[in-house]
Amino acid sequence: GETLAQRVVAQGKLSLDEALRWLEECARGLAAAHNAGLIHGGIDPARIMLVPKGEAKLDGLFLGLRREDRPAAAGSRGAADAAFAAPE
């Protein structure tokens, strides 16, 4: 697949239906990760993968890391685009 950032550069603005569908998929994935106690490194268009089936998948999760186990750098906002940095 490609990232959401790549899709927007290649094809321009998303339709409202397309944007809302992918936003809902990302929100569900993020909620599931948070419910499992996992943290993420920030969500931005470059970390949203669009797979061939037309689904959006989150990239950049600190897989297997719980909030209490996160590395010191994970709390830093300098690791990702500040506009999309994780609040943790």
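Mentor: Start with a network of salt bridges that links Glu2, Arg7 and Glu18. A salt bridge here is a side-chain nitrogen of Lys or Arg within 4 Å of a carboxyl oxygen of Asp or Glu. First, some ground rules. The model is predicted, so to speak of local features we need pLDDT of at least 70, and side-chain atom pairs count only at pLDDT 80 or more, while totals for chains, interfaces and linings use all residues. Residues are numbered from 1 along each chain as its sequence is written, and side-chain values use heavy atoms, with hydrogens and water left out.

Now the links in the network. Arg7 bridges to Glu2, and their closest N and O atoms are 2.5 Å apart. Arg7 also bridges to Glu18, where the closest N and O atoms are 3.5 Å apart. Helices (H or I, at least four residues) and strands (E, at least two) are DSSP runs, numbered from the N terminus.

How covered are these residues? Buried means under 20% relative accessible area, exposed means over 50%, and partly exposed lies in between, with a 1.4 Å probe and protein chains only. Arg7 has a relative accessible area of 16%, so Arg7 counts as buried. Glu2 has 21%, so Glu2 counts as partly exposed.

The whole structure holds four salt bridges. Another one of them joins the side chains of Arg28 and Glu24, at 2.5 Å from N to O. Both residues lie in helix H2, four residues apart, about one turn of the helix. Arg28 is exposed because its relative accessibility is 57%. Glu24, at 40%, is partly exposed.

Stay with H2, which covers residues 16-35 and includes Leu20. Leu20 is partly exposed, with a relative accessible area of 46%. Leu16, Leu20 and Leu23 make a nonpolar surface patch, with about 330 Å² of accessible area together. A patch is made of residues with over 30% relative accessible area and no salt bridge; like charges are joined within 9 Å, and nonpolar side chains (Val, Leu, Ile, Met, Phe, Trp, Tyr) within 5 Å. Accessible areas come from the Shrake-Rupley method with a 1.4 Å probe, and for residues, only the protein chains shown count as cover.

Three strands form an open, antiparallel sheet in the order E1-E3-E4. Strand E1 (2-3) and strand E4 (56-58) stand at the edges with a single partner strand each, so one side of each has no neighbour in the sheet. Strands pair if DSSP finds at least two bridges between them. Strand E3 (residues 48-50) and E4 are joined by three bridges and run antiparallel. In that pairing, Leu50 stands opposite Ala56 in E4.

Look at E1 again, where Thr3 is found. Thr3 is buried, because its relative accessible area is 11%. Beyond its neighbours within four places in sequence, Thr3 is in contact with Pro45, Ala46, Ile48, Met49 and Leu50. Contact means heavy atoms within 4.5 Å. Thr3 and Met49 are 46 residues apart along the chain, yet their C-alpha atoms are separated by 4.3 Å.

Finally, step back. The chain has two helices and five strands, in the pattern β-α-α-β-β-β-β. Of its 88 residues, 25% count as buried. Among contacts between residues at least 6 apart in sequence, 60% join residues at least 24 apart.
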